[in-house]
Amino acid sequence: MRLLWITLLFISLFNFGPKEPVIEWLTPTDFEFGDIPQHKDATAIFKFKNITDEPMTIDAVRVNCGCTVPDYSLVPIEPDSIGQFKIVYDAEKAGYFRKKIRVFVSAQRWSEKIFVNGYVE
């Protein structure tokens, strides 16, 4: 029984240990739009580098509301190459906003979290 617990502990250390990065962000992951005129779209472009030895794709870019729209390509990003995607914010509602965006890439199981924020006048 003791051997079973030691084995399970050993396995869990490998499965839940520190995550190895697969991308290197070339732009800030917390993008500040500043002041945006109401009823005018604002665009942010996020760039990253594939730091693995294998090609990867952006599998999904998930946003938490309809006011934030992602635009990304499904073309594979080769090792040591740069990928990018665009986030468009629809500035209809006045006031401060902060939106979380989750980026899923094929080389890892967890999402990368990025943010856009600003103030709609």
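Trainee: What does the accessible surface of the protein come to?
Mentor: Bear in mind that this is a predicted model, where local features need pLDDT of at least 70, side-chain atom pairs need 80 or more, and totals for chains, interfaces and linings use all residues. Numbering runs from 1 along each chain as its sequence is written, and side-chain values use heavy atoms, without hydrogens or water. Areas here are Shrake-Rupley ones with a 1.4 Å probe, and for residues only the protein chains shown count as cover. Carbon and sulfur atoms hold 57% of the total, which is about 8,000 Å².

Trainee: Is N50 buried or exposed?
Mentor: N50 sits in strand β3, residues 42-50 (strands are DSSP E runs of at least two residues, numbered from the N terminus). Buried means under 20% relative accessible area and exposed over 50%, with partly exposed in between (1.4 Å probe, protein chains only). N50 has 0% relative accessibility, so it's buried.

Trainee: Which side chain does a polar contact join to that of N50?
Mentor: Polar contacts pair N or O atoms within 3.5 Å; within protein, one must be able to donate a hydrogen and the other to accept it, and residues adjacent in sequence count only through side-chain atoms on both sides. Here the distance is 2.6 Å, and the partner is T52.

How values were computed
Helix = DSSP H or I, 4+ residues; strand = E, 2+ residues; numbered from the N terminus.
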